[in-house]
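Hello,

Here is the structure you are taking over. Please look through it first, then read the notes below.

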Amino acid sequence: MRKTTTLALLATGLIALGCGSGAADKASDSGSDNKASSSANDKGDAKAEEKPAKTAKIGQPARDGKFEFTVKSSKCGVAKIGSDLLGQKAQGQFCLVTLNVKNIGKEAQMFDGSSQKAYAADGTEYSADSGAAIYANKNAETFLNDINPGNQVNGVVVFDIPKNVKLTKLELHDSMFSGGVDVALG
């Protein structure tokens, strides 16, 4: 009981800290966007407009915030994760996305697999399954893992999607408040 209460308090505190830092980042970002767009309008220069982010592919590094992500592989069609005694069955099928996450910032950053999203070709969004990821990762690499600057972890993010669906892209985030970066899965 005491361990559960401590974990709940810790998670609440981390979320509160993240909300505050996300608001500050948004405020500073919007100020710089206004300056860039006003100078573009003053000069009439189309090059000053922001270009859409490039989509990375499997094996290519992609950056969002303080993290550099490299998707190593994606495997769908998995019915169960874990052992016979301890495991989890998919509602549809599990898609296991193996990735490397490197902290490219100057301070520790928490990686949370549940902040990652996957998309089908029709634009349907799927959330990560943190419970299943516990069985897919030996050392809980994708569950609230603090990564120090310059360090990296390899882990598996798990998505439970319908059997007839094929994922086409991932949206990877350094936190639940970041803009994310896209990685094509095919």
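**A buried serine in a loop**

S115 is buried, because its relative accessible area is 9% and the cut-off for buried is under 20%. Keep in mind that the model is predicted. S115 sits in the loop that joins strand 4 (109–111) to strand 5. Apart from its neighbours within four places in sequence, S115 is in contact with H173, S175 and M176. D174 belongs to the picture as well: 59 residues separate S115 and D174 along the chain, yet their C-alpha atoms are 7.9 Å apart.

Next, the nonpolar cores. The largest one has 26 residues, and the members that touch the most others are F159 and L170. Two or more residues of this core come from each of these elements: strand 2 (67–82), strand 3 (87–103), strand 5 (117–120), strand 8 (152–161), strand 9 (167–172) and strand 10 (181–184).

What does L170 contact, leaving aside its neighbours within four places in sequence? The list is V71, V97, K117, A118, F159, V181, D182, V183 and L185. F159, on that list, is the other residue named above for touching the most core members.

Last, the surface. L85, L86, I134 and Y135 make up a nonpolar patch there, and their accessible area together is about 470 Å². Of these, I134 lies in helix 2, which covers residues 130–136.

Regards

How values were computed
Residues numbered from 1 in each chain as written. Predicted model: local features only at pLDDT ≥ 70, side-chain atom pairs only at ≥ 80, totals over all residues. Heavy atoms only, no water. Core = buried A, V, L, I, M, F, W, Y, C linked by side-chain atoms within 4.5 Å. Buried < 20%, exposed > 50% of the residue type's maximum accessible area, 1.4 Å probe, protein only. Helix = DSSP H or I, 4+ residues; strand = E, 2+ residues; numbered from the N terminus. Contact = heavy atoms within 4.5 Å. Patch = residues over 30% accessible without salt bridge, like charges linked within 9 Å, V, L, I, M, F, W, Y side chains within 5 Å. Areas by Shrake-Rupley, 256 points an atom, 1.4 Å probe, with all protein chains shown as cover. Salt bridge = Lys/Arg side-chain N within 4 Å of Asp/Glu carboxyl O.
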